[in-house]
Every structure is written in C-alpha cells, then in structure tokens.
Amino acid sequence: MAVLTLLAAPMWASGDETATTTEKIDVFGAGTLVVPAEFKRAPKANNIIEHEFQASAGEGEDAQTARVTMMPASGGVKANIDRWIGQFSGPDRKTVGPKETQSGGWAVHTVQVSGQYATRMGGGPFAGGRMVRHEGYAMMGAILVEPEGDSPRRRQYFVKMIGPEAVIKANSESFKKMVTSVGQ
C-alpha cells in the first residue's frame, strides 16, 4: 500500500509559481516517487490504478491533458512493454526503447511510443469493450523493479503517461525525473 506525503516547497522549476506542492508516493516501502508539482491529482479511472494524476500543456479550459497512472503490477517487464507498444499502430508509429537504467538499486525500464493509440472503453485493459482509437497520441511508460528480493519475485511498479503527443513532449523531462526519483 502506498503512503502519500505532501511537501510545502516546489521540487521542480516549472515556471509556474502557483505550482507549490509536490507529492511523494511510497513504493513498496523501498523507494519514493516524487511527483512534480505540475502533475495534478485526478480521480482514479478504476480500482486497479493506485494513483492518478493529470499532466497538461497550455493554460485554461482548452489545455490538452494526459493521464499519469501508477500501480503495482506483474507479468514481466518485456511482456508488459511489448503490450504497451502493441497498443500503438499506424504508419507514423515511433518507438524509443525499451531502455534500462538504475536508480539506487531499482531497475528502471522505460519506453516511449507515439502514433495511433487503441484502448478499450467499458471493459478494462484485459476484457471486452468498445475499441477506441486516438490519433496523434503518445506514451511514456516505466516499470520500476524493486532492488530487494529474489530476481523473479522482485515486485514491479508501473508508471505511465498517456495522451496527446504535444502533452507528452511538454512533460517528458518531469516524467523522467519522477521515475528516476524512486531510488534517490
């Protein structure tokens, strides 16, 4: 179970002086994700997701947004990254990664994908439901593998940001800092 802590001072230079609160998300009692102040807490879309935030590009009601989701999960790093990549298609699909780095003993597996994003509405990621396709979408995904435990039994924590490509690009550095904060 994750523990939530609020900090009173900004962690990132966001250029937005109203963004003054970050959150810290405890990951398995072995690491902490520092959520950038510009990522705003959002209602969880379902009970599988542990934490959900919203990233945006632009100002006001017309600003485009992307979902940032966090949750413990399993199923293997390669299988999940392959599934994430498979959710994108089209002639303009681009993939960067997967790439593995280390953060304080944590293995941080990342991937970036853009193109036409397909998701199921009303059925969840593994169940039926109407397929919806979004043009010009992108995703930054990370699987954080805890440093302790037997290699095949080390727990995994998934962090993803999915939305319009412009929003993902505008928030990519903040996302990278957040996922590598787990081991610092």
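1. Start with a pairing in β10: Ala-142 has Val-159 as its bridge partner there. Strand β9 (residues 130–145) pairs with β10 in the antiparallel sense, over nine bridges. Two strands count as paired if DSSP finds at least two bridges between them. Strands (E, at least two residues) and helices (H or I, at least four) are DSSP runs, numbered from the N terminus.

2. A word on the source. This is a predicted model, in which local features need pLDDT of at least 70 and side-chain atom pairs count only at pLDDT 80 or more, while totals for chains, interfaces and linings use all residues. Residues are numbered from 1 along each chain as its sequence is written, and side-chain values use heavy atoms, with hydrogens and water left out.

3. Strand β10 covers residues 156–164. Nine of its nine residues are buried, so β10 is largely enclosed by the rest of the structure. Buried means under 20% relative accessible area, exposed over 50%, and partly exposed in between (1.4 Å probe, protein chains only).

4. β10 also pairs with β6. The two run antiparallel and are joined by seven bridges. Met-71 stands opposite Phe-158 of β10.

5. Look at Thr-69 next. Thr-69 sits in strand β6 (residues 64–73). Its relative accessibility is 12%, so Thr-69 counts as buried. Leaving aside neighbours within four places in sequence, its contacts (heavy atoms within 4.5 Å) include Phe-158, Val-159 and Lys-160. Ile-49, His-51 and Glu-52 are also among them.

6. Now the aromatic rings. Rings of Phe, Tyr and Trp (its six-membered ring) pair if their centres lie within 6.5 Å; planes under 30 degrees apart count as stacked, over 60 as edge-to-face and the rest as tilted. The count comes to four aromatic pairs. One of them, Phe-28 with Tyr-157, is edge-to-face, at 5.8 Å centre to centre and 90 degrees between the planes. Phe-28 lies in the loop between β2 (22–27) and β3 (31–35) and Tyr-157 in β10, so the pair ties together parts 129 residues apart in sequence. Phe-28 is partly exposed at 22%, whereas Tyr-157 is buried at 1%.

7. Trp-84 and Phe-158 form an edge-to-face pair, because their ring centres are 5.3 Å apart and their planes at 90 degrees. This pair links helix α1 to strand β10, 74 residues apart. Both Trp-84 and Phe-158 are buried.

8. Which residues of helix α1 (residues 77–86) are buried? They are Val-77, Asn-80, Ile-81, Trp-84 and Ile-85. They cover an arc of only 140 degrees around the axis, so they lie on the same side of α1. The arc is that of the directions from the helix axis to the C-beta atoms. Exposed Lys-78 and Gly-86 are on the face turned away from the buried side.
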